[in-house]
Amino acid sequence: MEFASAWILSASTLPFLCFFWGTHAQQAFRTEPRNLTVQMGATAVLKCEVLRASGIVQWAKDGLLLGPQRSLPGFPRYSMIGKRGQYHLRIEIAQLEDDAFFECQAGQSESSDAIVSSLVFLTVQIPPLKPYFTMDLTTPWVAGKKYLVECVAPDAKPEADISLYKDGVDLTGVMSFTTSGSKDKLLNTHAEVTITALRSDHGRELTCHANNEAVSQPVMTTLTMNVYYPPEPPYIIGLDRDEFKAGRLLVLECVSHGGNPLATLQWTKEDEVLSTTWGEEVMGQKSRNILRLKITPADNQAELSCESANIVSLSPLSITHKITVFFDPEELTLSGSLEAVEGQELNLSCHASSSNPPVTIRWWLGYKELNNTIVKMEEGENGGMTTTSNVIHRVSREENGLRLICEAFNNGTHFSKIQAAKLTVYYPPQKVFIDSPPEDVPLRAGTSVLLVCHSTGGNPPAKLTWFKNEKGASNAQPQTTSHMVVTRVLNLLLTASDNQAVYRCDATNEAKTTISAQTKLLVHFTAVSMKITAKEEVLRQGQEVKLECFSGSSNPKSDVFWNMGSMRFQGVEEAPKTALFGGVSVVSRLYLNLSSHHHNQKVICQAYSPVLEEGTNTFYQLDVLYPPEFSPKQTTEVQVVEDEAATIPMMVSANPEVLSCIWLHRRQTLVKGEDQRHQWSDDHSLEIRNVTRKDAGVYTIKCENDEGVNQTTVKLDVLYAPSVKAEKDPVFVNLGGTADLICVADANPIIPGMFSWKWLGEEEVEIGEELQEDESSILTIHNVTRAHAGLYQCMASNGIALPASVEMQLVVQFTPKLRKGHQWRKVASRGDGTTTAELVCQAEGIPRVDFTWEKKGMLIDLANPRYEERTAREGYFHTSTLRVVNVSAILDYAFFSCTARNSLGDDKLDIQLVSTNHPDPPSSFGLVSVTHDSVTLEWIPGFNGGLQQRFRIRYYWDQSISFMYVDVFPLDATTFTVTGLQPLTTYNFSVNALNTIGESGYADNGAVLTITTAGKVELDGDLLDDKTVAPSGLPTHLTVAFTVVFGVLLVLNSLGWFFGRKWKNRRDKTKAERDSAVNREKSEGDVSSQSTVSNSNKYESREKINTGAQRTLLTDSGSETENNIYESYTAQFQEDSHYYYPTGDYKPSLGPHPEERRGLGAIPVNFESHLYEDVGDERAYKDTLASSLPSYPPFYSNHRQTPQAGDWRSPTYLQGIKRAEQVTNDQQQERDYDLPFELRGELV
């Protein structure tokens, strides 16, 4: 009761509520959520967008409301996202608990009722865990036994499918079943199969594949089968003797048959494993191990064995052989000094290492054998013996250079080995002297000086060595020898250390006797060293630093100066001190206040020598510590077009150098390597390749070193061209309602006025109001009419690349509207029971239109075989055709009612079925256009009487002696151009319809349409239609030439017309009676042939003809056999007295004609008019025209053309020609003079 009372309103409050309701709209869903399936861990977004939201919007999960706040407290992974009007539910890291029903709700408000979206389900798919086998995988299988194999794929949603394979072959007989998983909604899938182990199964793989919708590739587990049995004892191939020479390569093969796994073969020597590499022969069921053993002395008396075994062997099986090796000594060593001073004794020894058998040693000096030897033998390695021979010999000067040889011979291998050396006997040099500059002449540092040392005598020649101040000199050239004189040159590039330095040359050889010579130099030099030091170890900005410059030894003294960049300073200098190389040193001090700008600055100290006129420099680079500082030139905003590369520069300085710089974007740290598009340069600038719109935003750069932290921000603005989509397509609206067409653009920048709407229809309509709301544009059309229906284009452009557009369809729903012109209200058919009548009812309407038929107010039973309904639909045009079979005048000549109905309303039309008759008069006869020599007329046809109808235009003017008639072509045309008229002349026009039964009265109750043609434009004494150039673009002099030619042709045409008329009169006299009889028979046959009426009511009252169809009409009605002009010769101008003259096969050419081609000087104004005079023999007429008329296109047209420079023919010209020829050819098969009088071909 309280609810009802709330709606009892007084008359005074009603207007207020109407105003209130008119300004507050009902909230509605712009986007409703849809069912969604995601994989576990993914992010799910359920979309919900509300238009005109006024109530509280929130989501419900399994009936539980999540709350109106966008952060959704209590649900840490849930949030509502989106802009104004958008309440999209975002679920991050989807879990099994999110597998539930959701709905979006907008609560009730003062201005709107509550709305609730459809219930949608979020399905979370979970892949199976890695499958596993349940049997013991460590125990080997034994051939012949059966084993149960079970594989389990745990915790999947939906349940997993399991397939088992052995070496890729699908196993049959697998049984599967499911059990509950570790959680609700999760399932475990079990698959079992029984396998009998075979010897051939060894090494094969059992594979378990688990798959469901949550994984793209199956999850798999693999088990390798293992089956065992023992091998046979081994044997050796290739060991035929027991004695071998060292160095020989033995190739031995150990073979063992059988075993699974096949036997593991290994070679051993004295229990040392030589080879465990073995091969298998599957066909021979044996294992082979080939040993390639190069015999060495260590193999002497060694036992060589081959062993075979596998995992089921109780103990290894083996075969053993012992070998003996003959070998030479590996080394023959000659020891003792082979160099001696003459008169000394040499003690030499020759030692042969272990050999089998032992060797014999002999000595040779030159060609002389030395016999003063002592030989000693001992046990050696590998079971052999070593041999040592010692010799003592006193040398003389004559034995210098002789060859000393030690020879060892092995009787077992018959191999001889020697060791040879050259004997050297030494004696000392005789003299040494130096070539050098005088010691009292000063030399400039940097000058090149040569010191030359010479030595004579000695064996070997003396070795010369240069010393500087008792230390070896490094710049000496290699010594040279010439005629027993040895020379060595010392190249000096004088330095400070050369001042007063003592240079000595020593000559010595292996005789160990040395002789020497020496000299000194006087050198002037600049400071030998420069050094700047700072008292403070660490420099920071704001400190004062004291720099000391130490100028090293110089000769003579140097002057000290300071400078930094372009600034020069005078330091505080101390007294000079004695220094190195006989020079003096100087110390100077400088004080500076430090800032960050001093970092890396170089402070230069210079010591200048006035005597040498040159100086020495050094610098001290200031290392000033300061926290990171960003340059004033640091960019704050970077703009880039999408898909291009963007570089965000970073201009920062710091000392120590920046230890770490962190880039943040949207509060997330950018990590190197996570995104391959991010590239950092050496200066920490960031380059982003293939930039996307997601990269836009503010980037924070935070840099830190030991001195402090600083940061700056740079904005990246990503520009991209718009992409447009329709919010809803198509858009349905009722007639008279309000339509909202919404398109949404994704673009940057979003600029005002970036949207534009365009109506894609042909006719102009009021497009409506456009409103831009951020990235959306709304086109609102009030009071929608049917003219608004169709395609609309929404285009968006922000100056980036090309504009984007989308098309939307506006569908206007309206009640059915039937076509109700005169031609739709009547249908004619003979009522003799032999014909079928078609009653056509056509309606426009949206949505779908259904039809019902009534006869005399009673609903027609369509089950009756006499009635049949056919329906068709084309767009919003709906057609229902009722066929009445075997029409009876008594039963069916009546009023039929057609009712068109849809959900918005209905419309009704009464159609009368009558007998065939002459047509009804046309209506709405009117003017379309007028020129100086043509008039274009239009009309609406009336009922055709049930037969094909055509139209005839009648006209006359004050000076005409009779009516002129023009038959319209094509037959069903409702617009026509009458040409060949005179300018500034008043004409009276009428139109009527004809069919085979008769003709109608003239349109609009016989009304006459009075029209006055326009006048010509006269320029420069020439008559032109509208322009001073001929229609084809020809100059004026060519136009005059064409005028003369056509004047001559006109005279020839007149002669042809005269002879043709005389021939016509003669033929009419001979065939008058026959023509009358044939006409009566033909007329009766034509009337009786109309048994079925189709498309009897296809014209709508007051409907204008389609302009596109009008352009397809034939361009010259005066040249067709059924488009003729009639002239009456009765003094009373009676309408029914016409003389018909057949034209036979005469087919003048058709062609379009621009209006500008008319009015050529000598051509009469009424060039197109054909008076009905007698025409002679048609052959003579044709011959005359054929011989006199040039093959130019005709200069007349029944409709206006737009002149074109390239081709004066209309786009439909060829179609018109083909259609005219088809009509003419059809008429050739039935000559005009063979037809009844009233159906003969009309004259041209």
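## A quick tour: strands, rings and charges

Phe-75 is partly exposed, because its relative accessibility is 21%. Its ring forms a stacked aromatic pair with Tyr-78, with 5.6 Å from centre to centre and 15 degrees between the planes. Tyr-78, in turn, counts as buried, because its relative accessibility is 4% and the cut-off for buried is under 20%. Please keep in mind that this is a predicted model. With that said, here is a friendly walk through some of its features.

**Aromatic rings**

- The count of aromatic pairs comes to 16, and Phe-75 with Tyr-78 is one of them.
- Which residues do ring pairs link into a cluster? They are Tyr-955, Trp-957, Tyr-987 and Phe-989.
- Arg-954 lies over the face of Phe-963, at 4.3 Å from the ring centre. Arg-954 also lies over the face of Tyr-1002, where the distance to the ring centre is 4.2 Å.

**Strands and sheets**

- Strands of a sheet pair through backbone hydrogen bonds, in either a parallel or an antiparallel way.
- An open sheet is formed by four strands in the order β54-β53-β58-β59, with antiparallel pairing. Its edge strands are β54 (567-569) and β59 (614-621), each of which pairs on one side only. On average, neighbouring strands of this sheet are turned by 25 degrees against each other, direction ignored.
- Within that sheet, three bridges join β53 (residues 559-564) to β54 in the antiparallel sense. Met-564 has Met-567 of β54 as its bridge partner.
- Elsewhere, β86 (residues 935-940) and β89 run antiparallel and are joined by four bridges. Leu-937 has Phe-976 in β89 as its bridge partner.
- Are the faces of strand β89 (residues 975-978) covered or uncovered? Both are covered: Thr-975 and Thr-977 are buried on one side, and Phe-976 and Val-978 are buried on the other.

**Salt bridges**

- How many salt bridges does a search of the whole structure find? There are 46.
- Glu-281 and Arg-288 meet through their side chains in a salt bridge of 3.2 Å, N to O. Glu-281 is partly exposed at 28% relative accessibility, and Arg-288 is partly exposed at 30%.
- Lys-376 forms a salt bridge with Glu-378, and their closest N and O atoms are 3.3 Å apart. Glu-378 is partly exposed, with a relative accessible area of 40%.
- Arg-901 and Asp-906 form a salt bridge whose closest N and O atoms are 3.7 Å apart. Arg-901 is partly exposed at 38%, and Asp-906 is partly exposed at 46%.
- A network of salt bridges links Lys-166, Asp-167, Asp-201 and Arg-204.

Note on methods:
Residues numbered from 1 in each chain as written. Predicted model: local features only at pLDDT ≥ 70, side-chain atom pairs only at ≥ 80, totals over all residues. Heavy atoms only, no water. Buried < 20%, exposed > 50% of the residue type's maximum accessible area, 1.4 Å probe, protein only. Helix = DSSP H or I, 4+ residues; strand = E, 2+ residues; numbered from the N terminus. Pairing = 2+ DSSP bridges. Axes fitted to C-alpha atoms, helices over the stretch in contact; angles between N-to-C directions. Phe/Tyr/Trp six-rings, centres within 6.5 Å; stacked < 30°, edge-to-face > 60°. Lys NZ or Arg CZ within 6 Å of the ring centre and 35° of its normal. Salt bridge = Lys/Arg side-chain N within 4 Å of Asp/Glu carboxyl O.
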